[in-house]
Amino acid sequence: MAGENALTVAPETATIVRPASFVLADVAVRSDVAGLDEALRLAAERGRGSTDLADITAAVRSMYKAVGLDPTKVRPSSEALVRRVRRGEPLPRINTAVDVVNWCSMESQLPFGLYDATRIEGEIVLRLGRDGEAYPGIRKDVVHVAGRLTVADDAGPFGNPTSDSARTMVTCATTCLFVVIYAPPTVPVAHVDRVVATTRERLQCYCGPRTLEG
């Protein structure tokens, strides 16, 4: 299971990505919760007209190009969310934890990873995928990660800035979250710190804690 400071960055990726991560325990993930519908609607509305963080989108694209990926063909999850709302579509709805992280990712224009910490085995490292490495994706057949940024544990890769694995996916049975923000090194630390604080606050608001449920 992921610990509070469990994420290690491999030397090969240290100049490409400067991630932030945290664990949030004792959560209650639900299918929906009062107030979240309106918060997500307003967030999507704001996102349709916002161009304030274009420099961050460009930095994330550079992170992909650094590992040989065309970000217009393999899109960062954050950019896919921004494009979705700018087409007039709502943010996707899965469960309260996933919905909050999608909201924060769209708003910050940084790709996130969200994982069930109890399904992570041993140490976690952010590295480049090795030849032949892949995993069953969420609503996808297979996600290939060879040569790409990926987070991996003792059982192998389980996530990347575009698509995460079915093995560590968050459901309404999840009680402990592991969150990764895949931030490029050129993004100011102060911005990433604000994103972490906002994400924690929103997850705590809409996902528990479980001990407070009636």
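Asp 99 is buried, with a relative accessible area of 1%, and this residue is found in helix H4. The model described here is predicted. In it, Asp 99 belongs to a network of salt bridges that also includes Asp 32, Asp 37 and Arg 93.

**Asp 99 and its surroundings**

- Leaving aside neighbours within four places in sequence, Asp 99 is in contact with Leu 36, Leu 40, Pro 92, Arg 93 and Ile 94.
- One of these residues, Leu 36, is 63 residues away from Asp 99 along the chain, yet the two C-alpha atoms are separated by 8.6 Å.
- Asp 99 counts as buried because its relative accessible area of 1% falls under the limit of 20%.

**Salt bridges**

- Side chains of opposite charge can pair when their charged atoms come close.
- The count for this model comes to 14 salt bridges.
- One of them joins Asp 32 to Arg 93, with the closest N and O atoms 3.0 Å apart.
- Asp 32 lies in the loop between strand S2 (20–25) and helix H1 (36–49), and Arg 93 in the loop between helix H3 (77–86) and helix H4 (96–108), so the pair ties together parts that are 61 residues apart in sequence.
- Asp 32 is partly exposed, at 35% relative accessible area, and Arg 93 is likewise partly exposed, at 35% relative accessibility.
- Glu 79 forms a salt bridge with Arg 75, and here the closest N and O atoms are 3.0 Å apart.
- Glu 79 counts as buried, at 9% relative accessibility, and is listed among the buried residues of H3.
- Arg 84 and Glu 89 also meet through their side chains in a salt bridge, at 4.0 Å from N to O.
- In this pair, Arg 84 is partly exposed with a relative accessible area of 24%, and Glu 89 is partly exposed at 29% relative accessibility.

**Packing of H1 against H4**

- Two packed helices are described by the angle between their axes and the distance between the axes.
- For H1 and H4, the angle is about 20° and the axes are 10 Å apart.
- That angle makes H1 roughly parallel to H4.
- H1 passes H4 in a left-handed crossing.
- On the H1 side, the contact is made by Leu 36, Ala 39, Leu 40, Ala 43, Ala 44, Arg 46 and Gly 47.
- On the H4 side, the contact is made by Thr 96, Asp 99, Val 100, Trp 103, Met 106 and Glu 107.

**Helix H3 and its cover**

- The buried residues of H3 are Ser 77, Ser 78, Glu 79, Leu 81, Val 82 and Val 85.
- The elements that cover these buried residues include H1, helix H2 (54–65), H4 and strand S3 (112–116).
- The axes of H3 and H4 come within 8 Å of each other and cross at roughly 85°.
- H3 is therefore roughly perpendicular to H4.
- In this pairing, Ser 78, Leu 81, Val 82 and Val 85 of H3 meet Asn 102, Ser 105 and Met 106 of H4.
- Just after H3, Gly 88 takes a positive phi of about 90°.

**Glu 133, a buried residue in a loop**

- Glu 133 lies in the loop between strand S4 (124–128) and strand S5 (134–135).
- Glu 133 is buried, with a relative accessible area of 15%.
- A polar atom of the Glu 133 side chain lies 2.7 Å from the backbone nitrogen of Arg 130.
- Not counting residues up to four places away in sequence, Glu 133 touches Arg 127, Val 143, His 144, Val 145, Ala 146 and Pro 157.

**Thr 199, a buried residue in H5**

- Thr 199 lies in helix H5, which spans residues 189–206.
- At 0% relative accessibility, Thr 199 counts as buried.
- Apart from neighbours within four places in sequence, Thr 199 is in contact with Phe 22, Cys 104 and Phe 112.

Definitions and conventions
Residues are numbered from 1 along each chain as its sequence is written. This is a predicted model: local features need pLDDT of at least 70, side-chain atom pairs count only at pLDDT 80 or more; totals for chains, interfaces and linings use all residues. Side-chain values use heavy atoms; hydrogens and water are left out. Helices (H or I, at least four residues) and strands (E, at least two) are DSSP runs, numbered from the N terminus. Buried means under 20% relative accessible area, exposed over 50%, partly exposed in between (1.4 Å probe, protein chains only). A polar contact is a pair of N or O atoms within 3.5 Å; within protein, one must be able to donate a hydrogen and the other to accept it, and residues adjacent in sequence count only if both atoms are side-chain atoms. Contact means heavy atoms within 4.5 Å. Axes are lines fitted to C-alpha atoms, for helices over the stretch in contact, and angles run from 0 to 180 degrees between N-to-C directions. Angles under 35 degrees count as roughly parallel, over 145 as roughly antiparallel, 65 to 115 as roughly perpendicular and the rest as oblique. A crossing is left-handed if the near helix is turned anticlockwise from the far one by less than a right angle, and right-handed if clockwise.
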